[in-house]
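The report below works through a single protein chain, from its overall make-up to individual residues. Please keep the sequence and the coordinates at hand while reading.

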Amino acid sequence: MNRQAQAVIMLLFGGAILKAGVGDLYLRYVKEGLRPFLIGAGLLLVAAGIMTLWYELRPRPAVTDEHGHDHHHEPRVGWLLILPVLGLLLIAPPALGSYAAGQAGSVLTAQSSASDYPPLPAGDPVDVGLLDYASRAVFDHGRSLTGRTLRLTGFVTPGPGGEPMLARMVLSCCAADGRPIKVGLTGDGPAGVAPDTWVQVVGAYSDRIGKDPVNDADVPYLRVTSWQEIAAPKQQYE
């Protein structure tokens, strides 16, 4: 492809990155702290595209051989590379959800000691992240959860037997390394709710522990007393 096509692709790709980075769209792909790097990369691509176009479009004599043939033309098929870049601009893929959670094993890593599980904040119901709840339930045996009313937020994903479970994706860097954290639900859970529906459940610690069929990891349970459907949060990953 010629340099004009390269410049247009850089402009579009840089614009797509800036569009995602300026709003909240980037949170579907990377962690929140990477936003400045995305914006910087987008600005560099846009600047490089503009400079390349200026250089290529400035007036200059045509380059010909001894027969007078112009060799400045490249195959136009190179412009097809614009299509995936336009896709980034026009179509925003959703954040990872129940399908990704069903394909990967639950991520749960033991912390070093009981001191890593301080008391939960005062006031019930207390908001607890899924990874925090799972770690306290499995590795601290629920000591810091017992007697408290807990509120967890996540999306619904089918369990091994089709029963609803609560899940969120955990990122180390970006969506490419995302893995799920899963919590089973007992009691008055969200039965019949479609996968990927975001819900907020209120309940209490349960000592029931299941197994993730994908990687045989421990999956703790929550005894649900009430729940409600909610809109997907701005930050969908943990």
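## Burial and overall make-up

Of the 238 residues in the protein chain, 38% are buried, where buried means under 20% relative accessible area, exposed means over 50% and partly exposed lies in between, with a 1.4 Å probe and protein chains only. This is a predicted model, in which local features need pLDDT of at least 70 and side-chain atom pairs count only at pLDDT 80 or more, while totals for chains, interfaces and linings use all residues. Residues are numbered from 1 along each chain as its sequence is written, and side-chain values use heavy atoms, with hydrogens and water left out.

The secondary structure comes to five helices and six strands, taken as DSSP runs numbered from the N terminus, with helices (H or I) of at least four residues and strands (E) of at least two. Read from the N terminus on, the order of elements is α-α-α-α-β-α-β-β-β-β-β. Among contacts (heavy atoms within 4.5 Å) between residues at least 6 apart in sequence, 70% join residues at least 24 apart.

## The pair H1 and H2

Helix H1 (residues 3-22) and helix H2 (residues 35-57) pack with their axes 7 Å apart and at an angle of about 155 degrees, the axes being lines fitted to C-alpha atoms over the stretch in contact and the angles running from 0 to 180 degrees between N-to-C directions. H1 and H2 are therefore roughly antiparallel to each other, since angles over 145 degrees count as roughly antiparallel, under 35 as roughly parallel, 65 to 115 as roughly perpendicular and the rest as oblique.

The crossing of H1 and H2 is left-handed, a term used if the near helix is turned anticlockwise from the far one by less than a right angle, with clockwise giving right-handed. By class, the contact of H1 with H2 has 17 nonpolar, seven polar and three charged residues; here Ala, Val, Leu, Ile, Met, Phe, Trp, Tyr, Cys and Pro count as nonpolar, Asp, Glu, Lys and Arg as charged, and the others, Gly among them, as polar.

## Helix H5 and its cover

Helix H5 spans residues 130-139 and is mostly covered, with seven of its 10 residues buried. These buried residues are Leu-130, Tyr-133, Ala-134, Ser-135, Arg-136, Ala-137 and Val-138, and what covers them includes strand E2 (150-158), strand E3 (164-170), strand E4 (179-187), strand E5 (198-211) and strand E6 (218-229).

A polar atom of the Ser-135 side chain lies 2.9 Å from the backbone oxygen of Leu-131. H5 is followed by His-141, whose phi is positive, near 55 degrees.

## Buried residues in loops

Ser-106 sits in the loop between helix H4 (98-103) and strand E1 (126-127), and at 2% relative accessibility it counts as buried. Leaving aside residues up to four places away in sequence, Ser-106 touches Arg-179, Pro-180, Ile-181, Lys-182, Asp-212, Asn-215 and Ala-217. Ser-106 and Arg-179 are 73 residues apart in sequence, yet their C-alpha atoms are 6.8 Å apart in space, and the Ser-106 side chain reaches the backbone nitrogen of Lys-182 at 3.4 Å.

Arg-148 lies in the loop between H5 and E2 and, at 19% relative accessibility, also counts as buried. Residues that Arg-148 touches include Leu-120, Asp-124, Val-126 and Gly-203, and its C-alpha atom is separated by 8.7 Å from that of Leu-120, 28 residues apart along the chain. The side chains of Arg-148 and Asp-124 are joined by a polar contact of 2.9 Å, meaning a pair of N or O atoms within 3.5 Å where, within protein, one must be able to donate a hydrogen and the other to accept it, and where residues adjacent in sequence count only if both atoms are side-chain atoms.

## Backbone features in loops

The peptide bond from Asp-124 to Pro-125 is cis, with omega near -5 degrees, and Pro-125 is found in the loop between H4 and E1.

Asp-196, in the loop between E4 and E5, has a positive phi of about 75 degrees although it is not a glycine, and at 40% relative accessibility Asp-196 counts as partly exposed. Asp-216, which belongs to the loop between E5 and E6, has a positive phi of about 65 degrees and is likewise not a glycine; at 52% relative accessibility, Asp-216 counts as exposed.
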